[in-house]
Amino acid sequence: MPIHRVNFGAALVAILLLLACSPANSNPRPTDAAASAAAPTKTTAPATDLVVAAADHGRVDGDSTARTWVIIASDFQCPYCKQWHDESYKTFINEYVRSGKVKVAYINFPLGQHQHAVITAEAAMCASAQNKFWQYHDALFNSQKQWTPMPDPRPVLDSIARTVGVDVAEWSKCVDSKRMLPLIMADHDRAESAGVQSTPSFIVGDSILAGALPFADMRPVLDAAIAKSGSAPTH
C-alpha cells in the first residue's frame with residue numbers, strides 16, 4: 001500500500017513526549033537548499049514515476065492482511081531515533097511485525113538543524129526503490145556517528161549502498177537526480193498535519209507516541225490499537 005495514501009486524519013492527540021529531536025526554531029522544514037528549491041509544499045510523488053512508486057512501497061513492512069498500521073516518523077540524523085532503533089526496533093519487528101499483528105511504514109521527517117537529514121533520506125529512499133530500504137535504514141543508524149560530523153557524508157552513503165547490495169550505478173543516479181525529494185517532503189507535511197512535531201514519533205491507531213520510548217511503554221498502546229482494530233494480540 002503506497003504510504004502517501006495512508007489516511008493520517010485519525011491520528012490526533014494523546015502525545016507522550018520523551019527524548020526526541022525537535023525543530024531548532026519555529027520552522028521544522030529542511031534547510032537544504034536543493035530541498036527547498038525542488039520540493040513544493042503538500043505534494044505527492046508523481047503517479048507515473050515507477051521508481052518513486054517502488055520506493056514508496058519498499059518502506060512498508062509486514063503482513064498485508066494486518067489491520068493495524070504503525071507509522072514511524074523519523075530523521076536518520078536524530079540521535080534519539082538511533083537510540084530507539086538500537087534499543088527497541090528489533091523487539092518491535094520480532095514481536096509485532098513478523099508475528100503479523102501490525103504492518104509498519106517509515107515516514108521521513110527531516111529536521112532543519114540536521115545538515116544531512118535530507119541526503120540520508122534520499123539515499124534510503126533510493127535504496128527502497130530496489131527493495132533494500134530496511135537494510136539501508138539499519139546501516140544508516142548503525143553508522144550515524146561516523147557520517148554525522150562529515151562535511152559530505154556521500155562516501156559513507158556510497159559504501160552502505162555497496163554493502164546492502166543495491167545496483168550502485170542506479171542508486172547513485174537516483175540520489176543525484178533528487179527525484180525522491182517530493183515524496184520526502186510529502187512525508188514531512190503529511191506527518192506534520194497529523195500532529196507529529198519531533199522525532200522519533202509513532203502513529204499507532206489514534207495515538208501519537210513521541211520520543212525514544214522504552215518498548216515496555218509502547219507495548220500497551222500497540223496492544224490496545226490491535227484489539228480495537230479487531231485483531232487482538234496473542235501473547
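Me: What are the ground rules for the numbers?
Reply: This is a predicted model, so local features need pLDDT of at least 70 and side-chain atom pairs count only at pLDDT 80 or more, while totals for chains, interfaces and linings use all residues. Residues are numbered from 1 along each chain as its sequence is written, and side-chain values use heavy atoms, with hydrogens and water left out.

Me: Start with α8. Which residues are buried there?
Reply: W171, C174 and V175 are buried in α8, which spans residues 168-177. Buried means under 20% relative accessible area, exposed over 50%, and partly exposed in between (1.4 Å probe, protein chains only). Helices (H or I, at least four residues) and strands (E, at least two) are DSSP runs, numbered from the N terminus.

Me: Where do they sit around the axis?
Reply: They are on the same side of α8, because they cover an arc of only 95 degrees around the axis. That arc is taken from the directions from the helix axis to the C-beta atoms.

Me: And what is on the face turned away from the buried side?
Reply: That face of α8 has the exposed residues A169, K173 and D176.

Me: What covers the buried residues?
Reply: The cover includes α4 (117-128), α5 (133-142) and α7 (154-164).

Me: How does α8 begin, and what comes just after it?
Reply: D167 caps the N-terminal end, with a side-chain oxygen 3.2 Å from the backbone nitrogen of A169. Just after α8, K178 has a positive phi of about 60 degrees.

Me: Which residues touch the most other members of the largest nonpolar core?
Reply: F92, Y136 and W171 do, in a core of 67 residues. A nonpolar core is a set of buried Ala, Val, Leu, Ile, Met, Phe, Trp, Tyr and Cys residues joined through side-chain atoms within 4.5 Å.

Me: What is Y136 in contact with?
Reply: Leaving aside neighbours within four places in sequence, Y136 is in contact (heavy atoms within 4.5 Å) with A123, A124, A127, L157, I160, A161, V164 and W171.

Me: Changing topic. How many salt bridges are there?
Reply: The structure holds 10 salt bridges. Each is a side-chain nitrogen of Lys or Arg within 4 Å of a carboxyl oxygen of Asp or Glu.

Me: What does D61 pair with?
Reply: D61 forms a salt bridge with R98, with the closest N and O atoms 2.9 Å apart. D61 is in strand β2 (residues 60-61) and R98 is in the loop between α3 (79-97) and β4 (102-108), so the pair ties together parts 37 residues apart in sequence. D61 is buried at 14% relative accessible area, whereas R98 is exposed at 53%.

Me: What about D86?
Reply: D86 and K82 meet in a salt bridge at 3.0 Å, N to O. They are 4 residues apart in helix α3, separated by about one helical turn. D86 is partly exposed at 44%, and K82 is buried at 13%.

Me: Back to K178. Which residue does K178 form a salt bridge with?
Reply: The partner of K178 is E122, with the closest N and O atoms 3.3 Å apart. The pair links distant parts of the chain, 56 residues apart: K178 is in the loop between α8 and α9 (181-194), and E122 is in helix α4. K178 is partly exposed at 28% relative accessibility, while E122 is buried at 1%.

Me: Which residues are linked in a network of salt bridges?
Reply: D56, R59 and D187 are linked that way.

Me: Now cysteines. How many disulfides?
Reply: The structure holds 2 disulfides, a disulfide being a pair of cysteine sulfur atoms within 2.5 Å.

Me: Take C21 first.
Reply: C21 is joined to C78, S to S 2.1 Å. C21 is in the loop between β1 (15-17) and α1 (33-38) and C78 is in the loop between β3 (68-74) and α3, so the pair ties together parts 57 residues apart in sequence. The S-S torsion is about 95 degrees, so this disulfide is right-handed.

Me: And C126?
Reply: C126 is joined to C174, also with S to S 2.1 Å. C126 lies in helix α4 and C174 in helix α8, so parts 48 residues apart in sequence are tied together. The torsion about the S-S bond is about -80 degrees, so the disulfide is left-handed. C126 and C174 are both buried.

Note on methods: Polar contact = N/O pair within 3.5 Å; in protein donor to acceptor, adjacent residues only side chain to side chain.
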